[in-house]
Amino acid sequence: MLVWLVKRRSIGAIVPAPTYSFLNEGEPQAVELIVKSGSEQGTRQPGKIARVYAAGSQRILAEIDSPRLLLMRRTGLVLMGIERHRDHQALVGCVQTWVCTFAPPFDALEQRVSPQMAVGVAIHRSRVLETGNTGYIEVNQMHVPELRRYATVASFIADSSGCEAMRLLDADLSWMGKDRFALEGIYRKSAYREQPEALYEGGWLSFYQEKREAMDNRRYASSKSQR
């Protein structure tokens with residue numbers, strides 16, 4: 001996904017007045033953020049990595065290992081992980097935080113979210129892509145009574161008031177691609193009659209699409225031009 005990125009730390013130390021990390025002739029440059037499983041550049045150990053690439057190329061501009069999702073809003077997200085530096089012959093791992101703001105076109109597209117699990121059972125991919133509701137995801141750090149501790153909690157805020165509220169506890173990014181991402185976490189099923197409250201594996205797929213109003217306008221313009 002295309003983002004404007006700000007690095008909050010330099011070799012582990014907080015940057016008092018951070019600015020956009022990638023510039024083009026003095027203007028913020030959008031970069032492509034990808035989160036996936038792979039080998040860390042410095043250690044070659046398998047794990048989850050977050051990388052930013054120059055838009056439209058495979059040139060790696062920055063990387064953090066073991067990224068964790070700290071915060072998400074409609075406009076962007078915050079990741080924290082380990083950035084590795086060479087210090088003489090040693091490879092030093094320093095904490096790094098990326099503050100990412102969604103860049104065009106993602107700042108103007110519609111977000112669609114669909115569950116990937118139903119009470120701990122994986123839903124077939126075709127059904128995941130066919131279903132879902134429009135809205136947006138918010139991720140916050142908060143105290144969770146069900147877990148009796150603080151945790152990362154993802155909430156889905158639907159555009160339609162009739163949609164069922166959804167939450168993921170201990171939420172984190174599973175992966176992020178060019179136009180979609182997946183969250184993984186814990187789904188809480190409330191107690192019902194004789195059945196006690198239970199916690200299950202959960203996950204959501206979020207993908208971006210053109211807003212319905214824009215699609216309708218484009219179709220209308222296309223049909224009008226064909227008359």
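Arg 112 stands opposite Thr 134 in strand β14. This pairing belongs to a predicted model.

- Strand β11 covers residues 110-115.
- The strand is mostly covered, with five of its six residues buried.
- On one pairing, β11 meets strand β14 (residues 133-144). The two run antiparallel and share two bridges.
- On another, β11 meets strand β18 (residues 198-209). Six bridges join this antiparallel pair.
- Val 113 stands opposite Ser 206 in β18.
- Pro 115 faces a β18 residue too: Trp 204 stands opposite.
- In a regular strand, side chains alternate between the two faces of the sheet.

**Strand β18 and β17**

- Strand β18 also pairs with strand β17 (residues 180-189). Ten bridges link them, again in the antiparallel sense.
- Within this pair, Ala 182 stands opposite Leu 205 of β18.

**A closer look at Gln 111**

- Is Gln 111 buried or exposed? Its relative accessibility is 8%, and buried means under 20%, so Gln 111 counts as buried.
- Which side chain makes a polar contact with the side chain of Gln 111? That of Ser 206 does, at 2.7 Å.
- Leaving aside residues up to four places away in sequence, Gln 111 touches several others. Among them are Asn 133, Thr 134, Gly 135, Phe 181 and Phe 207.

**Backbone details**

- Pro 104 and Pro 105 are joined by a cis peptide bond, with omega about 10°. Pro 105 lies in the loop between β10 (90-102) and β11.
- Ile 11 is not a glycine, yet its phi is positive, at about 50°. The residue sits in the loop between β2 (9-10) and β3 (13-14). Ile 11 counts as exposed because its relative accessibility is 59%, and exposed means over 50%.
- His 88 is not a glycine either, and its phi is positive at about 60°. Its place is the loop between β9 (76-87) and β10. With a relative accessible area of 74%, His 88 is exposed.

**Confidence**

- The mean pLDDT of the protein is 88. A value of 70 or more is reached by 89% of the residues.
- Which element has the lowest mean pLDDT? Helix α2 (residues 212-225) does, at 54.
- Strand β16 (residues 166-176) has the highest, at 96.

Methods
Residues are numbered from 1 along each chain as its sequence is written. This is a predicted model: local features need pLDDT of at least 70, side-chain atom pairs count only at pLDDT 80 or more; totals for chains, interfaces and linings use all residues. Side-chain values use heavy atoms; hydrogens and water are left out. Buried means under 20% relative accessible area, exposed over 50%, partly exposed in between (1.4 Å probe, protein chains only). Helices (H or I, at least four residues) and strands (E, at least two) are DSSP runs, numbered from the N terminus. Two strands pair if DSSP finds at least two bridges between them. pLDDT is the predictor's confidence in each residue, from 0 to 100. A polar contact is a pair of N or O atoms within 3.5 Å; within protein, one must be able to donate a hydrogen and the other to accept it, and residues adjacent in sequence count only if both atoms are side-chain atoms. Contact means heavy atoms within 4.5 Å.
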